[in-house]
Amino acid sequence: MPELPDLDVVADALHAALAGRPVASARAVMPLAVRGTPAELEALARQRVARVARTGKFLDLQLERDRVVVNPMLTGRFQLAGRGEKAPSGVAVELSFGPRGGGPPPDAARWTTGAGWLPADGAPVVVRFRDPTQMGKVYLLPAGVERVIPGMGPGEMGPDALDPALTLDEWRARIRKHPGELKNLLRNQAFVAGIGNAYSDEILHAARLQPFRKRSTLAPEEVDELYVAMRVTLGDAVRLLRERVPPTFEKQVRDHLAVHNRGGEACPRCGSRITQVTAGGFPTGYCRSCQR
Ligand SMILES: [Zn+2]
C-alpha cells in the first residue's frame, strides 16, 4: 500500500513532469475505478495541470478548473511513461498530456531539478494508474460538483505526519485523546495522515515500542520518542526513495524496511529474531527483545 514516503516521491515527480501541460485525453480502462461520469472524465481534456500533490495517502491532481483525487488503496501504482511505451496489465485509468513550454514549474521539488527521467518539454507524456486488485478509486471533482471522498471528509483526516505545523506540543495534545494500541493509533488517518501498515511498524521499531502496547501506558518521554521516531523514519524514507524509485514510479521499494514483512529475520538493532503476526489481515512485524 502506498504510504506517505511512496506517494511523496510520486507527487513531486508528477508535479515536476506535468505542471503546465494540457491534458490530451483521459481514458477509463476500468470504468468501475472512476467515481464520476464519462462526460466529466472527457471534460478534463485541454485543461492544464496546475499542481500535483500528496494529501495523506491520496494523490491530488489539480487542473486549471477541475480536480482529480486518487486513493490507491492496496495495490494502486502510478506509471510515468512516454506515449510509445507499452502499457502494463491492470491499468485502470490513463491520462495523456501534451507538450509544454517553459520547463518544470518554479515550485518543483528541488530534488527533481535536472533529473534524467523528466520527459522533454516537447514530448507527450502518459500517466497510468494501475491497480491489479481494483480496490483503488479515481475521484473526479469538476468545479462546482460536490462529491464525497471517503477518508477526506470533515474530521476524517488529521494533520500530515510531516506537517511542520504538527509540533511536539500539538502531538502531545492530540495523542491524549487516543488511549488505544500504538499501531492502530499511527494508522488512524484522523489522528495523523500518511502512515499505513508498513511504516507504522518501522516507526514503532525506531521508537522501541511494541505495536500492541496501549498509548495510555506510555510515559511522557515515550510519547515524545514516538513523535521523533515518526519524523525521522518518514523523513529518512522519503530521502532514500527519491534516490531509489525514479524512473520506475510504479514499483514500490520496500527492501530498506527494518522489521515490516521481515518475520524470522534478525533485528537490525539487536540481532534477535523478528516476530511477525497477522492482526486483522495486516502483517505486523516487531522485535520482542528491543521494543518494549
Ligand atoms: Zn531488536
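Which element supplies the largest share of the lining of the second largest cavity?

Reply: That's α1, with 4 residues. Before the details, some ground rules: this is a predicted model, where local features need pLDDT of at least 70 and side-chain atom pairs count only at pLDDT 80 or more, while totals for chains, interfaces and linings use all residues. Residues are numbered from 1 along each chain as its sequence is written, and side-chain values use heavy atoms, with hydrogens and water left out.

A cavity here is a set of points, on a 1 Å grid over the protein atoms alone, where a 1.4 Å probe fits but cannot get out; lining residues have an atom within 4 Å of a point. Volume is the space filled by probe spheres set on those points, which are joined across faces, edges and corners. The model has 2 cavities of 30 Å³ or more.

Two or more residues come from each of α1 and β6 (77-82); helices (H or I, at least four residues) and strands (E, at least two) are DSSP runs numbered from the N terminus. By class, the lining splits into 8 nonpolar, 2 polar and 3 charged residues (Ala, Val, Leu, Ile, Met, Phe, Trp, Tyr, Cys and Pro are nonpolar, Asp, Glu, Lys and Arg charged, the others, Gly among them, polar). Domain 1 (4-141) and domain 2 (168-286) each give this lining at least three residues, with bounds from an automatic or database domain assignment.

Note on methods. On a 1 Å grid over the protein atoms alone, a cavity is a set of points where a 1.4 Å probe fits but cannot get out, and a pocket is an open set with protein on both sides within 12 Å along at least five of seven lines; lining residues have an atom within 4 Å of a point.
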